[in-house]
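Thanks for asking me to look this one over. Here are my notes, with the model to hand as you read.

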Amino acid sequence: MLSTRVKLTAAFVAGLIAVTGTLFLAVLAARNNAVYHDIAQYAAAQGDLAARIITDAAASGEKVFATSDTALIAHLSPRIVDRLQAVPGYLVVVDSAGRAVYRSPDVLRLQGTDMATLQAQLADLPKSGEALIFSLDSLQEKVLFVSHSLPAGLGGLSRIASGALATRASTVPREYLLDALVIVPLIIVAAGVGAFVFLGRTQRQLTEITTEVAAITDGRSLHRRLALSEDTTDFADLVTTLNAMISRLETSFGGLRRFTADASHELKTPLAVLRADVERAMMDTSSQNERMVALEEALQEVRRMTDLVESLLTLARADEGRFDLHREPVDLQPLVQEVYETALILGEAQGVTVNLPFTADVVVMGDRTRLRQLFLNLVTNAIKYTPAGGKVELGVGRHPDNVTFAVRDTGIGISAADFPHVFERFWRADRVRSRMSERGGFGLGLAISQWIAQAHGGTLTASSRLGRGSLFTVTLPIAAETPDS
């Protein structure tokens, strides 16, 4: 199988041959046109000379014809004929009746059917100015004829047809043949060799890059980067692009490893508890009350794992773009009121005051179920991380181009070191305590909330200070008003 280097070299040489051949034919055609133009000018000059001989003779009072009897075939006078014979080339003088009254010696030497061909062609020759090219068998060459009109008053003469051989136009000059058969092939061979050598250098550079990329075949080697050496300077942009891609892959693989580890850890704990509860319920020594307590704890762990799996499926479908939103006009005021009433119940159990100081009557295009999940996630998260006696406020504000839903709390806040990770999956502030306390969760709520906001064409932003509380703000575009509304 031919290598890419050979294929590219062959394609280059083929293209060069095609371009060179086309250029050679174009130059040859232009040269032939110029030669035909020169031959036409030469023939026209000969015709002009013959016409001047005739007109000068008539002006000096000489007889143009040898006889004045119109019943006979007209012939030019011998003195004019002698002068015309000194003009080289093919000359034919035609009278107004279309008869040839003079033929030059070159015309008279034509044999066979060439004379009939000449007469037929001259009958089609334009009156003046244009040229006509045709072939003569005896000469085995082409002859170019031009017509020259004669002035009136020359005894019935009409025009002069003058011709010349087109030998120079029908043959390729030796220098052209030398160029086409020797010089051009040498140039093509030299260019092909140069292209092959240049492509060899390029192929070595690509091979080096390919080898380095092939060495980075799994997630454990993604920390490596392609080196930009002197041999790969021609592909600096490619190397930079590949390094950027590898960096993104490293980040993705790192996130995937963390995600797998966190998901495994989150499932490991409830599974262990579930197993212990089931084993305790199956013990013969346990009482009916102990068995019911164990089964109830097992059921709680099953619900916990169900919530985790549901959250993971939501994010997986969102990442693949397979989670469609059922968009419709949604009035935020009753939706936020519903979320507020739920928050009051949650806050009362935690000893946290929940307020709704302001709300706006505004409509957005969205999925009501997902928007409720978004708002409830933020409110639940604020209550979870606000100590007893704290306060949570939520509200809806309308702006010219968008609407904002804000949740502010007086909770523990987020440190500056943890803040950049607030929307990462399985991330939680105060991780150790949150897993072992009533604040336990999966760390997926904010990630899901951010996806819901972005899927609605909006944003979810956060601001927080450690020990001062946090503020989460959802910005959504306002639905376009219709004439009905």
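Predicted model: local features only at pLDDT ≥ 70, side-chain atom pairs only at ≥ 80, totals over all residues.

1. Residues are numbered from 1 along each chain as its sequence is written, and side-chain values use heavy atoms, with hydrogens and water left out.

2. Let's begin with an open sheet of 5 strands, ordered β2-β1-β5-β4-β3 with antiparallel pairing. Its edge strands are β2 (100-103) and β3 (131-136), each of which pairs on one side only. From one strand to the next, the twist averages 25°. Strands here are DSSP runs of E, at least two residues, and helices are runs of H or I, at least four, numbered from the N terminus; two strands pair if DSSP finds at least two bridges between them.

3. Within that sheet, β4 (residues 141-149) and β5 (residues 157-165) run antiparallel and are joined by 7 bridges. For H148, the bridge partner in β5 is I160. Helix α1 (residues 4-59) packs on the sheet and touches β1 (90-95), β3, β4 and β5, its direction making about 140° with that of β5. Contact means heavy atoms within 4.5 Å; axes are lines fitted to C-alpha atoms, for helices over the stretch in contact, and angles run from 0 to 180 degrees between N-to-C directions.

4. Another open sheet has 5 strands in the order β7-β9-β10-β12-β11, with mixed pairing. β7 (353-358) and β11 (459-465) each have a single partner strand, so one side of each lacks a neighbour in the sheet. Here the twist averages 15° from one strand to the next. β11 pairs with β12 (residues 469-477) in the antiparallel sense over 7 bridges, and T459 stands opposite T475 in β12.

5. Which helices lie across these strands? Helix α9 (residues 332-350) lies across β7, β9 (391-398) and β10 (402-409), at about 160° to β7. Helix α10 lies across β7, β9, β10, β11 and β12, at about 25° to β10.

6. Do look at α10 itself. Its 17 residues (368-384) should span 24 Å at 1.5 Å a residue, and the end C-alpha atoms are 24 Å apart, which agrees; the expected span is 1.5 Å times one less than the number of residues. D367 caps the N-terminal end, with a side-chain oxygen 3.1 Å from the backbone nitrogen of T369.

Conventions: Polar contact = N/O pair within 3.5 Å; in protein donor to acceptor, adjacent residues only side chain to side chain.
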